[in-house]
Amino acid sequence: MVKKILVVDDEQDIRVFMTTLLETSGFKPVTAKDGREGLEMARKEKPALIIMDIMMPRESGIFMYREVKKDPEMRNIPVIMVSALSKKTFFHSQKVVDEFEGVKIPEPAAYIEKPPEAEELLVTIRGILA
Amino acid sequence: MINPILLVDDEEGIRKVLGISLADWGYRVLTAASGEEALDIVRKHRPPVVLTDVKMPGMDGIELLQRIKKEMPETEVIMVTGHGDLELAIRSIQFEAVDFITKPINDAALRIALQRARERIWMKEKLREYTQGLEQLVLEKSQRLIETERLAAIGQTVATLAHAIKNIIGGLNGGIFVVEKGMELGSQKYLTQGWAMVKGNVEKIKNLALDLLNYSKEREPEYRRINPNRVASDLHLLMQERARECGINLTVRLDERIKEISLDPDAIHCCLLNLLGNAFDACLDVENSGNPKEVVLSTALIEGGGVEYRVIDSGCGLSEEIKEKIFKAFFSTKGTRGTGLGLMIVQKIVLEHGGEVSVFSEKGKGATFAVRLPAGDIALCGKGRKENSVRCRTWRSPDATKGENNV
């Protein structure tokens with residue numbers, strides 16, 4: 001069965017690039033433009049993997065990621081974060097919010113800094129879905 | 001020790017006797033028989049210490065003391081009097097004499113007075129040295145601070161620029177990838193989408209470069225006499241088509257009382273184009289979806305014959321927090337679509353015209369940008385150098401890069 005991958009990014013260019021990359025590599029991409037839309041899509045489409053940006057209008061990737069990981073039906077979906085934000089900054093923000101909320105949210109399956117390279121992304125995706 | 005000292009007494013005998021003692025103690029003694037003569041010597045030789053009798057014909061010791069302290073406050077004055085007059089002593093000290101001794105002069109008392117004078121001179125000297133040292137230190141430190149701030153500003157500019165460029169390169173790489181897939185698989189969809197990405201990102205980098213150039217260039221404004229309404233109606237014509245495409249109702253309201261003033265029409269055109277572009281973007285923002293899309297460009301005569309342009313939109317508005325930042329370099333609310341330089345260029349041009357830009361807005365309630373230009377005759381400084389004319393970015397609809405695809 002073709003695996004469904006949800007791409008959440010507010011940038012049109014990134015969505016087109018990822019869609020092309022995924023389609024031509026044997027996956028079925030679905031897209032969303034922000035964290036809120038992303039959550040709706042994740043619930044509806046039940047993707048095998050989510051690739052998401054962090055800085056987006058309306059709900060950010062940080063919010064969406066935590067919602068996904070707190071939801072019993074979605075928490076097992078692996079997530080790749082792709083962001084212009086440095087990895088260090090993201091992990092630091094997670095630690096701070098963890099402490100604030102008093103819950104430990106697991107780390108994402110992978111973290112890729114923008115701009116994403118096609119080969120790097122594919123290797124990561126295949127590694128996670130294997 | 002060759003310390004000069006001025007000895008002032010109307011009695012020659014005292015000048016002689018006291019002079020010998022002082023010379024004995026190592027002073028170079030100058031003498032004066034009157035207050036007037038003393039003042040001349042003080043002006044000419046600037047002795048650090050003056051020893052003066054109080055009772056003298058003509059200018060007396062107290063007056064001499066006051067004049068010396070007024071003209072050369074660093075001079076220390078010791079008062080000498082024949083009477084144990086407490087009132088005179090108090091007055092002398094009030095006028096900042098260093099000490100007060102009585103005749104007949106007791107050597108020990110005189111030495112103590114001289115010692116006090118020397119100490120005071122030394123302390124004042126030190127104080128001045130320290131003060132100057134401190135001032136110098138403050139100057140050096142502030143210069144270093146300014147330098148550090150300047151470097152930090154450059155560093156930040158470079159970092160932000162690098163980030164913007166990296167983003168565009170990411171877009172270009174993505175576009176190239178999609179185009180290549182299109183060629184590989186013979187897919188018209190990929191070719192079209194990928195090509196749109198490449199074009200969009202080339203446009204972005206072009207705008208970034210033009211904005212940077214416009215901002216950094218030391219440009220001589222080309223002032224001419226023109227009716228400000230003309231710039232506004234030209235823009236109306238230019239933007240009408242775009243407005244229609246974007247579903248925006250663009251209206252222009254001109255104040256017909258406005259007469260010709262001196263301004264740089266290209267620059268002001270660029271300013272208003274930037275403001276209109278922002279107004280359109282604000283109307284098309286997701287946060288404004290479903291609301292009416294109205295943009296008004298108006299002109300009004302202001303006191304002194306100048307003009308106030310207003311660009312009013314019914315868009316998403318600006319929060320207080322954002323309002324504070326909009327005129328700063330590289331601040332943009334438009335994500336990768338904005339260069340963060342537009343309003344900075346607007347401000348630069350308006351300031352060059354001796355005018356001012358202001359913004360009124362509330363989150364969710366639209367925004368009004370006002371540009372006030374004085375009628376002042378700045379035409380005289382116009383140099384008319386063509387190579388310096390403003391190159392304004394081509395305005396494109398914010399959705400132009402999004403294409404028709406539904407990804």
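I began with contact: two residues are in contact if their C-beta atoms, placed from the backbone, lie within 7 Å. The model is predicted, and local features need pLDDT of at least 70, side-chain atom pairs pLDDT 80 or more, while totals for chains, interfaces and linings use all residues. Residues are numbered from 1 along each chain as its sequence is written, and chains are lettered from A and ligands numbered from 1 in the order in which they are written.

**Entry 1: helix H2 of chain A**

I noted that helices (H or I, at least four residues) and strands (E, at least two) are DSSP runs, numbered from the N terminus. I called a residue buried if 20 or more other C-beta atoms lie within 10 Å of its own, exposed if 12 or fewer, and partly exposed in between, with C-beta atoms placed from the backbone.

Which residues of helix H2 (residues 35-45) of chain A are buried? I found Gly35(A), Gly38(A), Leu39(A) and Ala42(A). Seen down the axis of H2(A), these buried residues fall within an arc of 100°, so they line one face of the helix. The arc is that of the directions from the helix axis to the C-beta atoms. I recalled that an α-helix has 3.6 residues a turn, so residues three or four places apart point the same way.

The buried residues of H2(A) pack against strands S1 (4-8), S2 (28-32) and S3 (49-52) and helix H3 (61-70) of chain A. On the face turned away from the buried side I located the exposed residues Glu40(A) and Lys44(A). Just after H2(A), I saw that Lys46(A) takes a positive phi of about 45°.

**Entry 2: the sheet of chain A**

I counted strands as paired if DSSP finds at least two bridges between them. In chain A, 5 strands form an open sheet in the order S2-S1-S3-S4-S5, with parallel pairing. S2 and strand S5 (110-113) of chain A stand at the edges, each with a single partner strand, so one side of each is left without a neighbour in the sheet. The twist averages 20° from one strand to the next.

S1(A) and S2(A) pair in the parallel sense over 5 bridges; in S2(A), Lys28(A) is the bridge partner of Lys4(A). H2(A) packs on the sheet, and its direction makes about 170° with that of S1(A). Helix H5 (residues 118-129) of chain A also packs on the sheet, touching S3, strand S4 (79-83) and S5 of chain A, and its direction makes about 175° with that of S5(A). For such angles, axes are lines fitted to C-alpha atoms, for helices over the stretch in contact, and the values run from 0 to 180 degrees between N-to-C directions.

**Entry 3: chain B**

Chain B has 10 helices and 12 strands. I read that buried residues make up 34% of its 407 residues.

Not counting residues up to four places away in sequence, Leu272(B) touches Val231(B), Leu235(B), Leu297(B), Tyr309(B) and Val311(B).
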